[in-house]
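Open the model in your viewer and keep the selection panel at hand.

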Amino acid sequence: MTGRVLKWILWTALAAVLAFYPKLFGLYYTNLFVTFAIFALFSVSFNLLLGYTGLLSFGHAMFFGVGGYGTALALKHIQGLSLLPAVLIGSLSAILLGLILCPLVVRVSGTAFAMLHLAFGELMHVLALKLRGITGGEDGIGGFPIPRFSIPGIVSIDIKPPENFYYFAICLLGASLWMIWFLTKTPFGQIQVGVRDNAKRIDYLGFKVPQTKAVVYVVAAAFAGVAGSVYALFQNLISSESLNVFKSFAPITMTMIGGVGSFFGPILGAAIIQVIEELTSRLTEQVELVVGLILILVIVFVPMGCVGLVRSLKQKWIAHSAPSAHLEKAS
Amino acid sequence: MDQTTAMYVAQGIHGLAYGMILFLVASGLNIIFGMMGILNLAHASFFMLSAYFCYQFLSMTGSFWASLLLAPVATAVFGILLERFLLRRVHGLGHMAELILTVGVSLVILAGVKIFWGTESLPVKIPSFLSGLVPIAGMDYPVYRLFIIAMALLVLAMMALLLYKTRLGKIVRAAVSDADMVNALGINMPLVFMLVFGVGTWLAGVAGVAIAPILMVFPGLADQVGMDAFVVVVTGGLGSLSGAFMVSIIFGLLSSYGVQFVSSLAPVLMFAFMAVVLAIKPTGFFGERE
């Protein structure tokens with residue numbers, strides 16, 4: 001009972017902090033937080049593949065980028081499009097890409113899956129650079145109109161001021177995170193974990209492994225698309241940089257640092273990376289070096305990430321509580 | 001011989017030379033993968049590192065041949081260090097950890113190269129008798145491309161001899177099918193792994209030196225050629241040398257003729273080819289395992 005009350009108190013406190021965050025920390029840190037939130041959703045959608053279904057993708061940025069391009073193109077070409085449909089179009093274009101790829105990719109797993117995505121991700125990157133007429137090449141698409149957030153008859157807010165954009169982004173990204181969280185708690189989420197741990201047994205139990213993978217894949221694509229769409233709105237610019245291979249490595253780094261297979265791990269990892277990037281970009285320009293070293297150190301010393309580290313420490317100190325129960329989700 | 005045919009043949013030679021370089025990189029990847037099950041994503045970075053070593057040795061000694069010998073060996077030393085001190089530690093954690101670790105290593109190499117040599121393109125000069133053209137049967141061929149093709153075939157022949165005629169080769173072939181069993185028979189497998197990793201990175205190093213005079217040395221080298229090499233390995237089938245050879249040649253020709261006929265879409269051709277192959281056979285041409 002007390003645990004439940006404590007949980008509610010914590011959630012309320014978090015909501016309060018989020019609500020007053022722009023007032024407390026000012027403009028610069030508000031924008032930083034929006035970036036963090038975008039990458040948190042991106043990483044969580046990635047972790048849906050890696051942590052929950054055991055599929056490592058080196059090309060998750062293509063859904064992120066395509067989501068961004070979808071929204072930017074829609075806003076540029078469709079007059080008077082309102083905000084939520086624009087985000088929806090971004091997400092739908094990522095879903096479409098996922099649907100096109102999934103018949104091919106659900107047949108492979110492991111290394112082949114990872115490499116296939118590296119190649120497709122690079123293909124999308126090259127296409128974005130080459131199809132200059134549509135995507136604007138290296139310059140990308142910028143300066144598209146950003147509509148007001150409006151639900152007819154209820155509200156109409158101009159989201160151009162950073163503070164308003166913050167609330168819009170937090171609500172949208174928070175809702176997306178909640179939806180992913182909900183998905184992992186459904187029976188379908190259990191099947192997902194089963195596919196990761198023992199695909200053959202799931203097959204014998206009568207569940208369809210390739211179809212399960214396909215659904216997870218498309219869901220992950222959809223939410224990466226949402227993240228990319230908000231990113232495009234936030235920058236008012238989407239360029240081929242959002243599709244390159246470093247954007248694909250970002251969620252991998254964040255997920256590995258935070259803890260693979262735990263829902264909140266990637267969010268924690270995104271926060272840690274954001275802080276590290278913020279600190280290192282002030283000191284040095286060698287962001288690649290820092291990210292590379294972090295990856296190596298994390299894999300060698302704390303392969304389960306921060307969440308895994310906390311869990312194993314907990315088990316060491318509280319040896320009485322059932323040790324295996326916690327690790328069920330994380331491996 | 002008329003102008004058009006000469007152009008086609010010249011493009012063909014360029015394509016073959018590029019295909020051979022791709023094959024050198026891809027065969028190193030394949031040997032490591034076949035033996036240890038590790039897809040070394042830092043492989044392309046070693047390839048680039050070797051090109052930089054070549055530039056460095058060349059500016060120090062002034063001899064292309066010395067760099068051709070030394071740069072791949074220096075690269076192999078780095079490869080061996082990576083295997084011994086990093087990969088071996090995470091071997092128990094599964095393939096995901098290894099893949100991500102090699103990504104980290106490739107980022108560190110990229111950053112290191114930028115720190116030591118800067119971001120500009122560095123030229124590598126070849127000896128005068130390797131540059132220029134040689135007339136054969138009424139046509140002129142670029143000597144350096146022919147040299148690359150010959151060198152790659154020589155390396156390939158050496159690898160074949162090593163694999164099929166020596167005791168070490170026998171051990172390696174046995175280890176590809178069952179490493180644990182070979183280990184149980186009293187062969188020091190960790191040492192063999194280390195050697196194989198060294199040979200794999202050495203092959204990447206040879207390719208790196210071979211490409212340095214053609215493309216110049218710059219930090220994007222790993223991305224440009226490395227991505228092609230990974231695509232070759234996946235399309236040919238992971239762990240299959242003959243598959244890698246075939247696909248390397250196809251890709252080399254695709255890229256050189258592609259630039260000529262559909263220049264803006266040339267980079268897409270390879271990926272399209274890969275997508276078609278994988279849609280029909282997900283394990284690649286000759287691949288049996290994932």
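How many helices and strands are there in chain A? Chain A has 14 helices and four strands, where helices (H or I, at least four residues) and strands (E, at least two) are DSSP runs numbered from the N terminus. This is a predicted model, in which local features need pLDDT of at least 70 and side-chain atom pairs count only at pLDDT 80 or more, while totals for chains, interfaces and linings use all residues. Residues are numbered from 1 along each chain as its sequence is written, and chains are lettered from A and ligands numbered from 1 in the order in which they are written.

With chain A still selected, note that its C-alpha trace spans about 60 × 50 × 45 Å along the principal axes. Buried residues, those with 20 or more other C-beta atoms (placed from the backbone) within 10 Å of their own, make up 47% of the 331 residues in chain A.

Next, colour chain A by pLDDT, the predictor's confidence in each residue, from 0 to 100. The mean for chain A is 84, and 95% of its residues reach 70 or more. Confidence is highest in helix α9 (residues 209-235) of chain A, at a mean of 92, and lowest in helix α14 (residues 323-327) of chain A, at 45. Select residues 323-331 of chain A, over which pLDDT stays under 50. Where pLDDT is low, the predicted coordinates should not be read in detail.

Now show both chains: 33 residues of chain B are in contact with 32 residues of chain A, a contact being two C-beta atoms, placed from the backbone, within 7 Å. On the side of chain B that touches chain A, α4(B) gives the most, with 14 residues. The residues of that side of chain B divide into 28 nonpolar, three polar and two charged; Ala, Val, Leu, Ile, Met, Phe, Trp, Tyr, Cys and Pro count as nonpolar, Asp, Glu, Lys and Arg as charged, and the others, Gly among them, as polar.

Finish at Ala44(B), in helix α2 (residues 43-61) of chain B. Is Ala44(B) buried or exposed? Ala44(B) counts as buried because it has 27 C-beta neighbours inside 10 Å. Ala44(B) and Ala222(B) are 178 residues apart in sequence, yet 4.9 Å apart in space, C-alpha to C-alpha.

Methods
Buried ≥ 20, exposed ≤ 12 C-beta atoms within 10 Å, placed from the backbone.
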